[in-house]
Amino acid sequence: MSYHIEPWQRAVAAWLLACCVLVFATVVVGGITRLTHSGLSIVEWQPIVGVLPPRDDAQWEEAFAKYRQTPEFRLANPGMKLEGFKAIFWWEYSHRLLGRLVGIVFFVPFVFFLARGMLPKPLAWKLAGIFALGALQGALGWYMVRSGLVDDPRVSSVRLAAHLGLAFVIYAAMLWIAMDLLIPAVVRVFRGPRAWAVLVALLVFAMVLSGALVAGIRAGHAYNTFPLMGGHLIPADILAMDPWWKNFVYNVASVQFAHRALAAVVALAVMALWWRVDTDRNLDERTRRWSHALLVATGLQIAAGIATLLMRVPLPLAAAHQAGSVIVFTCALGLLHALSGRGRLQA
């Protein structure tokens with residue numbers, strides 16, 4: 001079926017996809033910031049003034065002096081010198097700068113499109129909602145950092161999961177709207193295994209949150225064997241904490257086991273969905289391509305996760321694993337979108 005896309009639709013979609021690329025970069029750099037233990041190097045939240053880094057020796061010494069007052073310096077890095085501080089500072093600064101860049105790249109074109117009357121009212125409200133989520137994300141990021149500036153020099157794993165989860169929500173909203181603009185609902189299929197696709201997307205999102213909990217308590221540095229954990233399929237201390245629910249947030253064994261179990265469930269669900277799509281001859285090639293991409297991306301992501309665990313979380317591989325989570329999520333959303341039309345695709 002042929003269809004026409006207006007120039008404004010292409011322009012808005014391209015803008016949103018560019019924002020998605022920036023969010024992807026922000027997530028990856030955020031992962032590296034966490035892996036290098038750099039997230040607590042900047043101890044203030046200055047949305048405007050903080051755009052500029054220290055520019056001379058005096059400003060560097062001032063920033064380092066503030067860091068030396070933190071529990072992380074006193075308990076984890078008491079011997080750190082200025083050069084070591086600069087190394088962790090630049091990762092956190094880059095992460096915050098990318099966050100600000102996402103906001104600018106989103107806001108300025110939004111105002112331009114709005115002023116030119118290029119945005120239908122329902123779409124304008126959706127985009128305004130995404131911008132509000134972006135503002136909330138900045139505040140949530142600082143709320144997360146604050147949790148590590150107290151007695152325990154480690155950010156709250158729950159706040160970390162919320163911060164990462166909101167980034168994925170913002171990414172999903174922009175990607176979905178961009179796909180809506182480029183591929184109208186009338187040319188997409190609405191039958192087929194759509195319920196399975198919804199389930200897979202939700203499972204992938206849950207696995208992302210689970211991975212954040214793993215990272216937050218550094219559970220990847222324990223039980224570095226696969227498939228057994230401490231010689232057992234189910235670790236012996238999986239329910240060592242009381243009440244029981246704390247185990248799945250703070251217990252290294254339980255958090256890592258939950259992440260492994262979710263990965264297995266995601267793998268099975270993706271394979272089942274791929275088989276459903278591949279055997280349904282009424283589905284179009286776009287849907288099949290997304291299905292194939294999701295299957296391959298999931299396999300590579302699980303392999304990267306296992307390798308990261310076995311090799312005790314090396315930085316390049318762990319960063320690739322973080323990037324892979326966004327790619328798998330993208331494929332899951334792409335497949336769901338292909339199955340979310342208003343009419344049956346006609347030849």
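**Close-up views of a predicted model**

**View 1. Aspartate 278, a partly exposed residue of helix α9****.** Aspartate 278 counts as partly exposed because its relative accessibility is 26%, where buried means under 20% relative accessible area, exposed over 50% and partly exposed in between (1.4 Å probe, protein chains only). The structure is a predicted model, in which local features need pLDDT of at least 70, side-chain atom pairs count only at pLDDT 80 or more, and totals for chains, interfaces and linings use all residues. Residues are numbered from 1 along each chain as its sequence is written, and side-chain values use heavy atoms, with hydrogens and water left out. Aspartate 278 belongs to helix α9; helices are DSSP runs (H or I, at least four residues) numbered from the N terminus. Leaving aside residues up to four places away in sequence, aspartate 278 touches Arg288 and His292, contact being heavy atoms within 4.5 Å.

**View 2. The largest nonpolar core and methionine 174****.** A nonpolar core is a set of buried Ala, Val, Leu, Ile, Met, Phe, Trp, Tyr and Cys residues joined through side-chain atoms within 4.5 Å. The largest one has 72 residues, of which Trp15, Leu16, Phe106, Leu127, Met174 and Leu294 touch the most other members. Helices that each supply at least two residues of this core include α1 (7-35), α5 (121-146) and α10 (285-310), while α6 gives the most, with 15 residues. Methionine 174 touches Leu16, Cys19, Cys20, Val23, Phe106 and Ile130, not counting residues up to four places away in sequence.

**View 3. Helix α4 and the glycine that follows****.** Just after α4, glycine 117 takes a positive phi of about 70°.

**View 4. The lining of the second largest pocket****.** On a 1 Å grid over the protein atoms alone, a pocket is an open set of points where a 1.4 Å probe fits, with protein on both sides within 12 Å along at least five of seven lines; lining residues have an atom within 4 Å of a point. This pocket is lined by 20 residues, of which Glu44, Gln46, Leu52, Pro54 and Ala63 lie nearest its centre. The largest share of the lining, 5 residues, comes from α4.

Definitions and conventions: The expected span of a helix is 1.5 Å times one less than its number of residues.
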